[in-house]
Amino acid sequence: MLNQAGVTEQQWRVLRVLDESGPSDVTEIGRQACLLMPSLTRMLQVMERKGLTIRGNHPDDRRKTLIEITAAGHRLIADNLEETNRIFVELEAKFGTERIETLLDLLNELTATR
């Protein structure tokens, strides 16, 4: 699905973070998407060239850059939402609701410890 959409799995995670959290600084995006800063910096440059994100000044800290998802980024998520949900339902059927919930809990725990 992601290959057809023209994004990598990591880029998709960044788009989902921005879609769910709104404009964020690079450090927060890296934390929520579980990405290392050097990789994320390069990735954001590519995503900006693709028109999926834009950079702006942080309103409270001029040293920070604020990253925001564009209309094209929102559209990419919306266009693939049905397929994403279908894949999730398929995984849930294969592994069971309880195991999926456990996996999500563990991923949230992992994210919280970073």
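At 39% relative accessibility, E9 counts as partly exposed, a class lying between buried (under 20% relative accessible area) and exposed (over 50%), judged with a 1.4 Å probe and protein chains only. The model is predicted, so local features need pLDDT of at least 70 and side-chain atom pairs count only at pLDDT 80 or more, while totals for chains, interfaces and linings use all residues. Residues are numbered from 1 along each chain as its sequence is written, and side-chain values use heavy atoms, with hydrogens and water left out.

E9 is joined to R13 by a salt bridge in which the closest N and O atoms are 2.6 Å apart. A salt bridge here is a side-chain nitrogen of Lys or Arg within 4 Å of a carboxyl oxygen of Asp or Glu. R13 and E9 stand about one helical turn from each other because they are 4 residues apart in helix α2 (residues 9-21). R13, with a relative accessibility of 25%, is likewise classed as partly exposed.

Helix α2 holds a further pair, E20 and R16, again 4 residues apart and about one turn of the helix from each other. Their side chains form a salt bridge with an N to O distance of 3.1 Å. E20 is exposed, at 59% relative accessible area, whereas R16 is partly exposed, at 25%.

These pairs belong to a chain with 6 helices and 3 strands. Helices (H or I, at least four residues) and strands (E, at least two) are DSSP runs, numbered from the N terminus. Read from that end, the order of elements is α-α-β-α-α-β-β-α-α. The C-alpha atoms occupy a box of roughly 45 × 35 × 20 Å along the principal axes. Of the 114 residues, 30% count as buried. Among contacts (heavy atoms within 4.5 Å) with a separation of 6 or more, 50% link residues 24 or more positions apart.

The chain exposes about 7,700 Å², of which carbon and sulfur atoms supply 52%. Accessible areas come from the Shrake-Rupley method with a 1.4 Å probe, and for residues only the protein chains shown count as cover. The chain carries 15 positive and 18 negative charges, whose mean positions are 9 Å apart. In this count Lys and Arg are positive and Asp and Glu negative, while His and the chain ends are not counted; each charge is placed at NZ of Lys, CZ of Arg, CG of Asp or CD of Glu.

A search of the whole structure finds 8 salt bridges. One of them joins D61 to R63, with the closest N and O atoms 3.0 Å apart. Elsewhere, E83, R86 and E90 are linked in a network of salt bridges.

Which residues does T70 contact, leaving aside its neighbours within four places in sequence? The partners are G51, L52, T53 and I54. T70 itself is found in the loop between β3 (65-69) and α5, and with a relative accessible area of 13% this residue is buried. Helix α5 (residues 71-95) contains V89, which is exposed at 52% relative accessible area. V89 and T113 are 24 residues apart in sequence, and their C-alpha atoms are 28 Å apart in space.

The surface also bears patches, which are made of residues with over 30% relative accessible area and no salt bridge; like charges are joined within 9 Å, and nonpolar side chains (Val, Leu, Ile, Met, Phe, Trp, Tyr) within 5 Å. A nonpolar patch consists of F88, L103, L104, L107 and L110, with about 440 Å² of accessible area together. Helix α6 (residues 97-112) gives the most to this patch, with 4 residues. L110 is located in helix α6 and is partly exposed, at 47% relative accessibility.

A patch of negative charge is formed on the surface by E98, E101, D105 and E109. E109 lies in helix α6 and is exposed, with a relative accessible area of 52%.
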